[in-house]
Amino acid sequence: MSFRRKLLLVFALTVFLCVGAVSWIVSTVTRRAFERASEDQTTALIAQFRREFSRRGEEVAHRVETIAGSETATRMALAVSRGSTDYSAYVNEAKALADNQQLDFLEFVDSSGTILSSAQWPAKFGYKEGSLPAGASPGGAFLRQEDLPDGAALSLSAIRQVEIGEKPIYVIGGRRLDQEFMASLELPAGMRAMLYRNLAKGFSAPLLVGPSGNAQQLAPLIEQVQQHQQEATALLHWSGDAADDESVHAIPLNGLDNQLLGILLVGNTRRPYVELRNRIRSAAMLAGSVGIVLAILFSGWASSRVTRPVEQLAEAAREVAAGNWNTRVPVDSSDELGALAESFNRMTEELLQQRERLVQAERVAAWRELARRLAHELKNPLFPLQLTVENLVRARQQSPEQFDEIFPESSATLLAEIANLKTIISRFSEFSRMPQPQFQRVQVNEVVQNVARLLQAQLQSPKHSPIECRLELAEDLASIAADPELLHRAFSNLALNAMDAMPQGGTLSLRTRQSSDRVVVEIADTGAGLTAEECERLFTPYYTSKAHGTGLGLAIVQSIISDHGGRIGVHSEPGRGTAFMIELPDNLDKLAAAG
Amino acid sequence: MRPSALLLLAAVSLCLAVAAPARTRPHYGGNLRLAIGEAPISVDPADVSPAGKSMPPSLSRLIFDTLVTLDARGQAQPALSPSWQVDPGNQRWLFSIRRGVAFHDGTGVSSDAVAASLRAANPNWKVFATGEAVIVECDAPTPDLPAVLALARYGIAKRTGGKVVGSGPFAINRWDAGKKLVLTARDDYWGGRAFVDSIEIEMGKSFREQTIALDLAKADIVQIAPDQTRHAVLEGRRVLSSAPTEWMALVFSRDVPSAQDGKLREALGLSIDRDAMNNVLLQGGGEPAGTFLPNWMTGYAFLFPTAVDLQRARQARNAVQQAPVWTLACDGSDPLARVITERIALNARDAGLTLQTTTSAVADIRLVRMPLPSLDAWVALGEFAGSLGLPQPKFDVDRLQQSANASTEYAAESALLQSQRVIPLLHLRTAVALSANVMGWQEDPDGSWHLQNVWLETGKP
């Protein structure tokens, strides 16, 4: 990853983290504020419920008081005190009085708990009242379970005693805690109140008064309150949309005997909070996005400012690596990067100077080597020349007959050595006059086969031990652009070297194969092989391991291969022969340029 | 107030009503206004609609004559047919047709018209017109055919083009199905012109609405609920009660499937406190019933136990290991039925039975209320059995003709009750409240009205 990208990433990450942190803090603070507000609203609603409960309780108590003081109640109490059990006289009284006083429930019960008249269950006269509060005495209203023909109901009831004579009767009146009661509560927006009538074990949806949605979701909360008889709160997920979530607070409502008769459920929607949270998130996302874009722009600008010298340095370094040692980096600043650029420039300048010195040294060394080789090469024929001429002079001085006798032999020797000198000079001349390759489409296999064909006569010459020539040519070898003459020369040179390396006979292998877009030619012998040191110096001009070699053959081969953009390598071990590997590119671009 | 006192009060009221003509002479004219709870959807006597939707027999008889009528003792009396004959097998009857009688549209009541009307009322009969008589052939011996023909649904009607006309003392002047019926007295009625010129009947009114209509002088005659009769009397209204006629009972939807179920039905019947129901809930507006027919009609009904016997009920209940929860249905629009079912459920609970009250049409048990169909015991039993889907009581014709009817009726009724499809509860009285100007009120023991004899007093002489 480039430095600029890293810088950009750091900038973007920083902006993102900052925006995220801010939005998280804002969300947390908002959530807490909403929770506090929700708690306050719930508390206020519960207080309102209690006030309404109390107000209606007082109203019920007052109405029951009125009924207890009515002529009907008095008459009933008188009849009961006299021992009358004629229910027919009262059976409809409770209903009439309840209607008159707008009570949902009204019962007259004698001291033994027997129902004299019931408004809510007229047929129940003569039966015992199952839920007459123990020690029923005048007081405020209380929560009570009313048994009805079709089940049970929850009521806000009051009880009054009518005592005439020895046997009092009780007036139990109440109003149903139902939807109408819950509807009388003034609910803030987003809140709702429900009442669960705890008239059965466990949870039963029909016992829930008020809007509920999927009431079954309230079951765990209801059962928790039923089990512990303590307030509880739960967060209900009504749908997959978090805005539909509702925080529900459950408050147990007990009757006179501390029996859990109802559960007030106060629901507070989390929609405003969720919507605000979503808005905060959207704003954070927007701010984050804008910040990241700005960060990209800013970091791009900043990083360009910071990284341009670095990139220039990197580019310059690449140029230097590619051999362009004249590369210079502009120095635009006086900071660390400027110092680095100056150092780089000094370094390249120093490298240039060192290269010049190296070239000079190499040139001197080359001349010395050339001089040494020339001296060596020339000294060898010169010495016989000198000896022959000195013999001729000596013979001429001693006797003309002896001179005549040795003259033909000496002149032949002189001519041979002079020819040898000419050969040496022509090879040096040839090396200095290596032509540039003339590229044309070439089938390397054909070149290799031509070389093998030309060598065939020498291979089978009786002058030396037999050498087998083995051709292993790839059939699918692609044609390349090359100079066939030069290639022929190079391959011939290597093949002749291989033959020279096998004075005792052996096998000369000529192989070709395709390697990607390159053609590989391998020329191997089974001769004595080369040492590692010999392999290293093999392509050095004028180096030779032969007794009469000039050391220019392989240098010429390397020069030809190099002019074709190829590579040549050698693999050899003493006693295991030598193999030269030549890789030639297809050079088709040069063919197009030439054509 | 005790039922006996109520009866006394009703009798006094009746005497006052009967004595009224002694004070003032009957006179013609005036518009008699009634408010009733029933809301019939058709005037056709042959239409059999559910209870509350069919025309009350008392009103139907104002429009449609029957061939025969029953007197207060249940004896057949000539009406549109002045005489009749029966073959020895009691299957083929010949009814002569009264001459000179005309339908309300002016056409004469011929034997053909009568035969057509009877065929429409009972397709199972073979009815032929022959001269000035009709022959009715039944598929079985029917010794009580005249009493059957006295039923309102056999009123003679002429049906032309969807219109139904009768030959009764009143002709239809206006008919709003289920709402209002206005009748006009016929001057040429063969039995003599009714006293009032017209009768206006407001239908489908609750008891409360009827009472208000009476109080506001918008009605002259209204019905009083059985449980409100005493209250109405105490309020000083002019209330006339019938003998206990309306039958209230529990009817099981199916036959006894097993002996265990029979035990449970027995337990239910024994657990019901009919006295408490009658005395408290009905305010003495009826009498406990253990039979289909009231005691005043048969004289043997008291032999059937009606008292609660919780001990035996529990024994019967305990004879069965596990009792099902029965559903007990009643007419949701009938407050009296509702409170009675609630009481029955409470009583059943005392015996260890669980009844779930409902107003659904489908239930294991249904509380039914049926008016006494006929003053003829056999006809009434047959009507009860037919309505409830019970087997028709079998006539032993010879025994029927040789011995007193009571024993055969007793046997027939016992057989019906032994099926355990029915648990009789009460016989209720029907009651009406009259405005002060209604005179000449006459009522049969079964509660049938004779409005053609009523006249209105317009002022003091």
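Does A:Val29 count as buried or exposed?

Tutor: A:Val29 counts as exposed, at 52% relative accessibility. The classes are set by relative accessible area: buried is under 20%, exposed is over 50%, and partly exposed is in between (1.4 Å probe, protein chains only). The model is predicted: local features need pLDDT of at least 70, side-chain atom pairs need 80 or more, and totals for chains, interfaces and linings use all residues. Residues are numbered from 1 along each chain as its sequence is written, chains are lettered from A and ligands numbered from 1 in the order in which they are written, and side-chain values use heavy atoms, leaving out hydrogens and water.

Where is A:Val29? It sits in helix H1 of chain A, residues 3-68. Helices (H or I, at least four residues) and strands (E, at least two) are DSSP runs, numbered from the N terminus. A:Val266 is 237 residues from A:Val29 in sequence, and 24 Å away in space, C-alpha to C-alpha.

Compare another exposed residue of chain A. A:Gly140 has 53% relative accessibility, so it counts as exposed. Its place is the loop between strand S2 (115-118) and strand S3 (142-148). A:Gly140 and A:Lys590 lie 450 residues apart in sequence and 113 Å apart in space, C-alpha to C-alpha. Chain A is assigned domain 1 (69-177), domain 2 (180-269), domain 3 (352-432) and domain 4 (440-594). Such bounds come from an automatic or database domain assignment. The centres of domain 1 and domain 3 of chain A, taken over C-alpha atoms, are 152 Å apart.

Now the aromatic rings. Over all chains there are 17 aromatic pairs. Rings of Phe, Tyr and Trp (its six-membered ring) pair if their centres lie within 6.5 Å; planes under 30 degrees apart are stacked, over 60 edge-to-face, and the rest tilted. A:Phe298 and A:Trp301 make a tilted pair, 6.0 Å centre to centre with 40° between the planes. About one helical turn separates A:Phe298 and A:Trp301, because they are three residues apart in helix H6 (residues 271-321) of chain A. A:Phe298 is partly exposed at 43% relative accessible area, while A:Trp301 is exposed at 54%.

Chain B has a tilted pair too: the ring centres of B:Trp84 and B:Phe95 are 6.1 Å apart, with the planes at 40°. B:Trp84 is in strand S4 (residues 84-86) and B:Phe95 in strand S5 (residues 92-96), so the pair ties together parts 11 residues apart in sequence. B:Trp84 is partly exposed, at 25% relative accessible area. B:Phe95 is buried, at 0%.

Some rings have a charge over them. The cut-off is NZ of Lys or CZ of Arg within 6 Å of the ring centre and within 35 degrees of the ring normal. A:Arg396 lies over the face of A:Phe403, 5.7 Å from the ring centre. The charged end of B:Arg265 sits over B:Phe252, 3.9 Å from the ring centre.

Next, the interior. A nonpolar core is a set of buried Ala, Val, Leu, Ile, Met, Phe, Trp, Tyr and Cys residues joined through side-chain atoms within 4.5 Å. The largest has 62 residues, and A:Phe108 and B:Leu250 are among those with the most contacts inside it. Helix H11 (residues 335-350) of chain B gives the most to this core, eight residues. A second, separate core has 55 residues, including B:Leu118 and B:Val379. In chain A, helix H12 (residues 553-563) has buried residues, among them A:Leu554, A:Val557 and A:Ile561. A:Gly565 follows H12(A), with a positive phi near 75°.

Most residues other than glycine have a negative phi. B:Gln283 is not a glycine, yet has a positive phi of about 55°. It is in the loop between helix H8 (274-281) and strand S15 (286-288) of chain B. B:Gln283 is buried, at 8% relative accessible area. B:Gln420, also not a glycine, has a positive phi of about 60°. Its loop runs between helix H14 (405-418) and strand S19 (422-434) of chain B. B:Gln420 counts as partly exposed, at 23%.
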